[in-house]
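I opened the model to look up two things, the open space in the protein and the surroundings of the ligand. My entries follow.

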Amino acid sequence: MNIIKSEKISYTYPTYQEDNDEGKAAEIKPALRDVSFDVEAGQFICILGRNGSGKSTLARHLNALLVPNEGTLWIDGMDSKDASKLWDIRGNVGMVFQNPDNQIIGSVVDEDVAFGLENIGVPSEEIQRRVAQSLENVGIAKYAKSSPNKLSGGQKQRVAVAGILAMNPKCIVLDESTAMLDPRGREEVMETVRKLNKEQGITVITITHYMDEALMADHIFVMIDGQIAMQGTPGEVFEREDILERAGLRLPQICQLAHELRKAGMDIPKGVLTADELKEAVVKAVQKNAD
Ligand SMILES: Nc1ncnc2c1ncn2[C@@H]1O[C@H](COP(=O)(O)OP(=O)(O)OP(=O)(O)O)[C@@H](O)[C@H]1O
Ligand SMILES: [Mg+2]
């Protein structure tokens with residue numbers, strides 16, 4: 001089943017018309033142009049693209065923070081333009097943003113995680129149960145009574161994820177949520193969402209500039225200039241150097257090394273993505289050469 005279905009959506013930000021030097025109104029470029037895609041329930045999707053390619057604009061459509069000017073976006077079967085469904089949509093799709101310090105409201109971790117539930121009037125026993133479960137799921141139960149100020153960036157982002165989880169969402173969208181974290185914090189957050197995806201079947205959509213994170217996804221969208229220029233599995237996408245170059249993206253290190261070895265004449269099969277796969281391919285190629 002498709003949890004998200006987009007049919008030719010376009011979006012242009014409303015801006016004041018500024019005159020350029022010749023006195024003509026400056027051209028306003030759409031941030032999204034005719035974008036169509038499907039996300040199946042339970043998928044792990046990664047959106048890649050250079051600065052300004054439209055990734056965040058697309059993300060903001062996924063929980064109806066923005067609605068398309070043209071085309072239609074269905075979220076769990078609901079048209080995102082249907083104002084009467086807004087709170088259902090927001091409950092189904094939670095967003096984690098970039099800055100861990102901007103997302104925490106409560107002065108105690110468990111109060112922060114409870115915030116969304118209190119807003120929708122969930123009974124207090126149920127709140128307690130769901131908050132405890134969510135904190136457990138992101139691995140920070142022992143900080144339930146701590147001040148969020150005392151947590152690391154990675155832990156704060158996991159509190160943000162717990163706040164979303166408490167709402168029982170079907171889908172979590174992370175817009176560069178690891179960008180401000182050190183390598184360890186990034187790993188904590190990615191490992192947490194990977195687990196939620198695999199064990200609870202929550203659909204995950206991540207936006208990142210880290211190619212290594214993209215390798216975790218089932219499916220990658222590559223955005224260029226407000227459009228999805230290519231989509232496919234990591235193995236498919238990272239073989240398309242032409243499109244990656246147009247999109248301003250680098251290959252993940254392992255793919256780059258595999259590519260260099262292949263260029264040097266070594267028999268490395270396509271679609272190698274991990275260090276283990278590359279090691280195996282190199283050993284095989286060397287053995288074959290020795291025979
Ligand atoms: N609030 C806004 N008002 C007007 N234009 C905007 C606004 N936000 C984004 N844009 C424009 O829309 C286009 C797409 O921006 P968007 O933020 O979606 O890109 P992005 O891929 O998320 O980039 P980044 O990697 O820098 O986060 C850009 O041309 C940008 O200048
Ligand atoms: Mg962005």
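I count a polar contact as a pair of N or O atoms within 3.5 Å. The model is predicted, so I kept its thresholds: local features need pLDDT of at least 70, side-chain atom pairs count only at pLDDT 80 or more, and totals for chains, interfaces and linings use all residues. I number residues from 1 along each chain as its sequence is written, ligands from 1 in the order in which they are written, and side-chain values use heavy atoms, without hydrogens and water.

Entry, ligand 1. I found a polar side-chain atom of Thr57 at 2.5 Å from an oxygen atom of ligand 1. For Gly52 it is a polar backbone atom, 2.8 Å from a ligand 1 oxygen. His209 places a polar side-chain atom 3.2 Å from an oxygen atom of ligand 1. Ligand 1 has 640 Å² of accessible area on its own (Shrake-Rupley, 1.4 Å probe), and the protein covers 60% of this area.

I then listed the shell (a heavy atom within 4 Å): 13 residues surround ligand 1, with Asn51, Gly52, Lys55, Ser56 and Thr57 the closest. By class, I noted eight polar, three charged and two nonpolar residues in this shell, with Gly counted as polar.

Entry, largest pocket. A pocket here is an open set of points on a 1 Å grid over the protein atoms alone, where a 1.4 Å probe fits, with protein on both sides within 12 Å along at least five of seven lines; lining residues have an atom within 4 Å of a point. I read a volume of about 720 Å³ for the largest pocket. Its lining has 23 residues, and Met95, Gly116, Gly163, Ile164 and Met167 are the closest to its centre. I noted 14 nonpolar, seven polar and two charged residues in the lining.

Terms used
Points joined across faces, edges and corners; volume = space filled by probe spheres on them. Polar contact = N/O pair within 3.5 Å; in protein donor to acceptor, adjacent residues only side chain to side chain.
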